[in-house]
Amino acid sequence: MNISSTFHSPETTADAEAIYRESKRPIYLSGGQEVVLRLQHDLEHISDLIDLSNIDELHGVHAEGSTLSIGAGENHAAIAGSAVVAHTAPVLSELASSIGDSQTRNRGTIGGAIASKTRSSDWNAALLALDAVIHTTKTSHMAEGYFANGGLTEGELITRICFEIPSQGIYLKHTRASSTDAVVGVLVSRFEKRCRVAIVGAQRVAFLCPALEAALGTRFHPNVYDHSHIPDNMLREKPDASLEYQLNLVEILFKRAIHSCA
Ligand SMILES: Cc1cc2nc3c(=O)[nH]c(=O)nc-3n(C[C@H](O)[C@H](O)[C@H](O)COP(=O)(O)OP(=O)(O)OC[C@H]3O[C@@H](n4cnc5c(N)ncnc54)[C@H](O)[C@@H]3O)c2cc1C
């Protein structure tokens with residue numbers, strides 16, 4: 001074990017980035033739900049732990065016009081309990097409250113979930129279906145581009161996430177008895193002139209279904225669903241969930257979601 005790992009607790013993103021640049025093998029620490037697991041195996045490779053929890057700029061939930069902005073440092077429980085989120089985009093309150101157990105929700109942050117490269121997140125479906133912009137200390141990523149380009153660059157910090165507020169939205173996921181991770185999750189959102197359908201599943205990233213969105217745009221009804229609307233190769237065969245099983249789940253969850261929105 002490397003007992004010389006240094007713990008830092010900066011109060012600004014500029015300081016956090018400066019520490020990151022000057023450190024040999026640093027890692028940002030937010031709620032620690034992924035980092036702590038990594039430290040159990042990899043502590044000797046971490047020179048500096050940079051705690052983000054005291055940085056005010058990473059906090060706050062605000063709605064302005066058609067945009068809901070959530071600070072990267074907000075944890076899932078705070079988002080689930082936010083009156084602003086419940087009022088503007090209840091689909092995100094429901095999504096946040098479906099994540100993990102009480103400890104994970106009270107420690108794990110939306111920024112950590114989006115930055116994490118180790119597991120798929122329910123938030124990924126929300127990013128795509130609510131046309132989110134991920135603001136960082138270096139740039140702003142549209143959600144689709146963020147996934148397509150492989151996420152953050154070295155030392156880049158997510159500061160806040162801006163979601164388009166839908167007129168309606170619902171997220172449904174199917175889980176195993178042993179976990180709250182989605183085997184398959186479907187988020188349907190409805191805006192004035194368009195619908196979005198995002199799926200999260202065996203792939204680490206989520207994906208959109210443009211053909212299904214176009215079909216819904218013509219007729220907002222569960223029966224528009226067809227398996228051919230699901231892009232090829234985005235769901236992967238898994239030992240405990242065949243492709244056919246996952247596609248059936250997508251169909252069931254999609255139809256339930258449309259029923260709930262109608
Ligand atoms: C038991 C358990 C159950 C879970 N269940 C679910 C579930 O049902 N659904 C789901 O979607 N997820 C689930 N998760 C995942 C959970 O949501 C994430 O682990 C958590 O949100 C990560 O956030 P964190 O703040 O703890 O990140 P950390 O562990 O602190 O960091 C994760 C990674 O992100 C980096 N990072 C953190 N914040 C930032 C930032 N602002 N900018 C740039 N990089 C950053 C860190 O350096 C690290 O690499 C579960 C996790 C656990 C442990």
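Me: What makes strand 5 and strand 8 a pair?
Reply: Two strands pair if DSSP finds at least two bridges between them. Strand 5 (residues 67-71) and strand 8 (residues 158-164) are joined by five bridges and run antiparallel. Strands here are DSSP E runs of at least two residues, helices are H or I runs of at least four, and both are numbered from the N terminus. In this pair, Ser69 stands opposite Cys162 of strand 8. This is a predicted model: local features need pLDDT of at least 70, side-chain atom pairs count only at pLDDT 80 or more, and totals for chains, interfaces and linings use all residues. Residues are numbered from 1 along each chain as its sequence is written.

Me: Why do strand 4 and strand 7 stand at the edges?
Reply: The open sheet has five strands in the order 4-5-8-6-7, with antiparallel pairing. Strand 4 (61-64) and strand 7 (140-142) each have a single partner strand, so one side of each is left without a neighbour in the sheet. From one strand to the next, the twist averages 20°; axes are lines fitted to C-alpha atoms, for helices over the stretch in contact, and angles run from 0 to 180 degrees between N-to-C directions.

Me: Why is helix 8 called largely enclosed?
Reply: A residue is buried if 20 or more other C-beta atoms lie within 10 Å of its own, exposed if 12 or fewer, and partly exposed in between, with C-beta atoms placed from the backbone. Eight of the eight residues of helix 8 are buried, so the rest of the structure largely encloses this helix. Among them are Trp123, Leu127 and Leu128. Across the protein chain, 38% of the 262 residues count as buried.

Me: Which elements give two or more residues to the side of domain 2 that touches domain 3?
Reply: Domain bounds come from an automatic or database domain assignment. They set domain 2 at 58-164 and domain 3 at 168-261. The contact takes 17 residues from domain 2 and 20 residues from domain 3; two residues are in contact if their C-beta atoms, placed from the backbone, lie within 7 Å. On the domain 2 side, helix 5 (90-97) and helix 8 (122-129) give two or more residues. Helix 8 gives the most, with six residues.
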